[in-house]
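Please read them alongside the sequence and the coordinates.

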Amino acid sequence: MSSVETPPPPTPVERRCPRCGARLSAEQEWCLDCGAAVSTRIAEPRGWRASIAVVGVLLALALVAVILAIVELAGPAETVTEVPQTPTPAATAAAPTPTPTPAAGEEGGATPTPTTTPSASPEGSATPAADLATWPSGRTAWTVVLNSSGTREDAERIAGELAGKGVPGVGVIDSDDFESLGPDSFVVFSGVYDTEALAQEALSQIRERAGGGSARKIVPKK
């Protein structure tokens with residue numbers, strides 16, 4: 001009777017990690033060196049690709065909207081054509097009818113105001129610098145002598161400055177026309193007074209503004 005030979009047991013297959021090559025036991029499902037799954041598969045979550053697609057579409061639409069907005073802002077500004085408006089003709093105001101003014105002397109007419117002509121050189125009155133006082137022709141009187149010069153132009157300049165300071169009755173006379181004055185000079189005076197006392201009183205009032213002066217009797221040549 002022949003005996004049946006029992007085949008030898010199969011040689012166990014050596015398992016290794018597909019990632020790092022470490023040896024694995026027959027029951028080992030995870031590599032202890034790198035943590036890779038050997039025979040276990042991790043199920044992928046369902047629906048994540050659809051969510052990613054939706055998010056991608058939304059991002060693409062937002063990007064397109066941003067690009068269109070930038071292009072719109074960068075484009076040339078629209079030219080606004082101003083339409084000229086036709087002015088509305090205003091109502092023409094009726095010209096007022098002039099009212100005739102009654103002549104002077106008639107009923108309802110204005111009484112003319114007489115014009116007073118100032119005298120050439122009133123005694124003790126102030127004279128503007130542009131209109132200097134003149135000595136009364138042929139009159140002997142007292143005055144306040146303020147200054148003198150060799151030329152009329154310079155004397156009138158001095159007289160204008162004094163009149164501008166408020167000195168009254170300032171004028172210029174030629175000394176050659178008067179017996180009481182020296183020759184060849186133009187005298188700057190202030191006021192015409194009947195007495196020496198009046199001239200002295202006037203001098204005391206204008207001494208500070210005029211910077212000095214003296215009371216003199218003026219006698220014209222005959």
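1. Helix length. The expected span of a helix is 1.5 Å times one less than its number of residues. Helices (H or I, at least four residues) and strands (E, at least two) are DSSP runs, numbered from the N terminus. For helix α2, residues 152–164, the 13 residues should therefore span 18 Å at 1.5 Å a residue, and the end C-alpha atoms are 18 Å apart, which agrees. After α2 comes Gly166, which has a positive phi, near 95 degrees.

2. Basis of the note. The model is predicted: local features need pLDDT of at least 70, side-chain atom pairs count only at pLDDT 80 or more, and totals for chains, interfaces and linings use all residues. Residues are numbered from 1 along each chain as its sequence is written, and side-chain values use heavy atoms, with hydrogens and water left out.

3. Overall layout. The protein chain contains three helices and six strands, and their order along the sequence is β-β-α-β-α-β-β-α-β. Of the 222 residues in the protein chain, 24% are buried; buried means under 20% relative accessible area, exposed over 50%, and partly exposed in between (1.4 Å probe, protein chains only). The accessible surface of the protein chain is about 17,100 Å², and carbon and sulfur atoms hold 58% of this. Accessible areas come from the Shrake-Rupley method with a 1.4 Å probe; for residues, only the protein chains shown count as cover.

4. Contacts. A contact means heavy atoms within 4.5 Å. Among contacts in the protein chain with a separation of 6 or more, 55% are between residues 24 or more positions apart.

5. Packing of α2. Which residues of α2 are buried? They are Ala155, Ile158, Ala159, Gly160, Leu162 and Ala163. The buried residues of this helix pack against β3 (141–149), β4 (170–174), β5 (186–193) and α3 (196–210).

6. Nonpolar cores. A nonpolar core is a set of buried Ala, Val, Leu, Ile, Met, Phe, Trp, Tyr and Cys residues joined through side-chain atoms within 4.5 Å. The largest has 21 residues, and those that touch the most other members are Val144, Leu146, Leu162, Val167, Val170, Val172 and Val188. At least two residues of this core come from each of β3, α2, β4, β5 and α3. A second, separate core has 10 residues, including Ile173, Phe178, Leu181 and Phe189.

7. Val167. Apart from neighbours within four places in sequence, Val167 is in contact with Leu146, Leu162, Ser190, Ile206, Arg209 and Ala210.

8. Gly191. This residue is in strand β5 and is buried because its relative accessible area is 4%. Not counting residues up to four places away in sequence, Gly191 touches Trp135, Trp142, Thr143, Pro168 and Gly169. Gly191 and Leu203, 12 residues apart in sequence, have C-alpha atoms 9.7 Å apart.

9. Side chains of opposite charge can pair when their charged atoms come close. Here a salt bridge is a side-chain nitrogen of Lys or Arg within 4 Å of a carboxyl oxygen of Asp or Glu, and the structure holds four of them. One joins Asp194 to Arg139, with the closest N and O atoms 2.4 Å apart. The pair links distant parts of the chain, 55 residues apart: Asp194 is in the loop between β5 and α3, and Arg139 is in the loop between α1 and β3. Arg139 has 24% relative accessibility and so counts as partly exposed.

10. Glu156 pairs with Arg152, the closest N and O atoms being 3.9 Å apart; both are in helix α2, four residues apart, about one turn of the helix. Glu156 is partly exposed at 36% relative accessible area, and Arg152 is partly exposed at 36%. Glu161 forms a salt bridge with Arg157, where the closest N and O atoms are 3.0 Å apart. Because Glu161 and Arg157 are four residues apart in helix α2, about one helical turn separates them. Asp154, Arg157 and Glu161 are linked in a network of salt bridges.

11. Surface of α1. Leu61 lies in helix α1, residues 48–74, and counts as exposed because its relative accessibility is 55%. Val54, Val57, Leu58 and Leu61 make a nonpolar surface patch of about 390 Å². For such patches, residues must have over 30% relative accessible area and no salt bridge; nonpolar side chains (Val, Leu, Ile, Met, Phe, Trp, Tyr) are joined within 5 Å, and like charges within 9 Å.
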